[in-house]
Amino acid sequence: MKWCHIAVAGRALLGVAEAAGSIELLRLVRSEQNSYTLQPFSRFALEKQCLALSLDWSTGKAGRFPHCFPVSRAGDQPLKIISSDSSGQLHLLQAYQAGPGMQAVGTWQAHHFEAWAAAFDYWQTEVVYSGGDDGLLKGWDTRTPGTPVFTSRRHSMGVCSIQSSPHCENILATGSYDEHVLLWDTRSVKQPLADVPMQGGVWRLKWHPFHHHLLLAACMHGGFTIFDCQKAIEENQEVLPVTLSYTLPNSLVYGVDWSWLYFRRLPQTHPSFCLGSSPGSDPGGKTADPVCSLKDAAQSPAPCFERLADADGAGGARHQSGGKLKPSPALCRGQGRLRASGVQICERGHSLEAADSDVSLVATCSFHDHVLHLWKWENS
């Protein structure tokens, strides 16, 4: 699933790649009860007897003001969607504000086995990248898709995650079952800028929406990791320092993403506690009592990272230093608005001078235990 970062007909759109072999667009609609629902907008069937495995929007490049969400897309210019399927094909679609919804632009055979990932080059949207279970990373010009622009065999197993940097032109991150994250300069793909071994297959990669050099990775049984790519990008050093790494016992982390919200810190002089918290809780939210967890979580100090909520199960987390952490959930609703412990969402249209760009929310989802976690991370 991926949100389109440009409003279509004044609405936010969510794209979903379905196991039934279709791409579905859902639009976010505000109801009379001041809540939101997702309603079907358009559906496109790819091929018979295939699974849709990935999708990407052509709108990923960050604007000058990345916190702003445009009211609508200018003119009748269509959005583009690239999708991949279990038969190894890529599908280029166009999505319109009105009229036919989605239309096929082109379909071509890209890989011999499952095409796990397809992604746009956000700076040149005629270019797309694909990764397959054949271990190949390929680049394509969608105007002449019959022959790849390049083919890389640097990964030794299936390539299952690709994302172009929305901030830095020519920068691409890829991940594979071979448990490596590679950072590329797309102007020369003979050798990657950096090659970092992980402790699990790299199923998802996400660039931070505001901090240009931060890269988030979902590493299956290796948990999830945040990298600082600044030295590799700006100084051509073959290193990706690990800013933070966590493992969740008995979990396979398949999905990760950053929140695009800005936050401001709440006043500390008169702490307000969530329902279920105790007067002994840290007003900064570091060791607040569980509020939204269905199971109790053991407490321990979390100096820079905190799990805010999960859908089921307590789990645990291991920091790269090896220290065992089990930060407890602390997500509540204050006056009808989502409030994470110690921070509050900056409302749209308000001045962002009070925003703390070092506070981020991270969502992770895991296999086996069927848990969606929401974390607060302070980039100190």
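**Salt bridges and an antiparallel sheet**

Arg43 and Glu24 are joined through their side chains by a salt bridge, with an N to O distance of 3.0 Å. A salt bridge here requires a side-chain nitrogen of Lys or Arg within 4 Å of a carboxyl oxygen of Asp or Glu. Arg43 belongs to strand S4 (residues 36-45) and Glu24 to strand S3 (residues 22-30), so the pair ties together parts that are 19 residues apart in sequence. Strands (E, at least two residues) are DSSP runs, numbered from the N terminus. Glu24 counts as buried, at 11% relative accessibility. Buried denotes under 20% relative accessible area, exposed over 50%, and partly exposed in between, with a 1.4 Å probe and protein chains only.

The model is predicted: local features need pLDDT of at least 70, side-chain atom pairs count only at pLDDT 80 or more, and totals for chains, interfaces and linings use all residues. Residues are numbered from 1 along each chain as its sequence is written, and side-chain values use heavy atoms, with hydrogens and water left out.

Side chains of opposite charge can pair when their charged atoms come close. The salt-bridge rule gives a count of 7. One of these links Asp56 to Lys2, with the closest N and O atoms 3.4 Å apart. Asp56 is in strand S5 (residues 52-57) and Lys2 is in strand S1 (residues 2-3), so this pair ties together parts that are 54 residues apart in sequence. Asp56 is buried, at 3% relative accessibility. Lys2 is also buried, at 18%.

Glu378 and Lys376 form a further salt bridge through their side chains, at 3.6 Å from N to O. Glu378 is buried, with a relative accessible area of 13%. Lys376 is buried as well, at 1%. Elsewhere, salt bridges with shared partners connect Glu18, Glu24 and Arg43 in one network.

Strands of a sheet pair through backbone hydrogen bonds, either parallel or antiparallel. In this model, 4 strands make up an open sheet in the order S13-S14-S15-S16. Its pairing is antiparallel. Strand S13 (159-164) and strand S16 (194-197) stand at the edges, each with a single partner strand, so one side of each has no neighbour in the sheet. The twist averages 15 degrees from one strand to the next. For such angles, axes are lines fitted to C-alpha atoms, and values run from 0 to 180 degrees between N-to-C directions.

Pairing of two strands requires at least two bridges found by DSSP. S13 and strand S14 (residues 171-176) pair in the antiparallel sense over 5 bridges. Ile162 is placed opposite Thr174 in S14.
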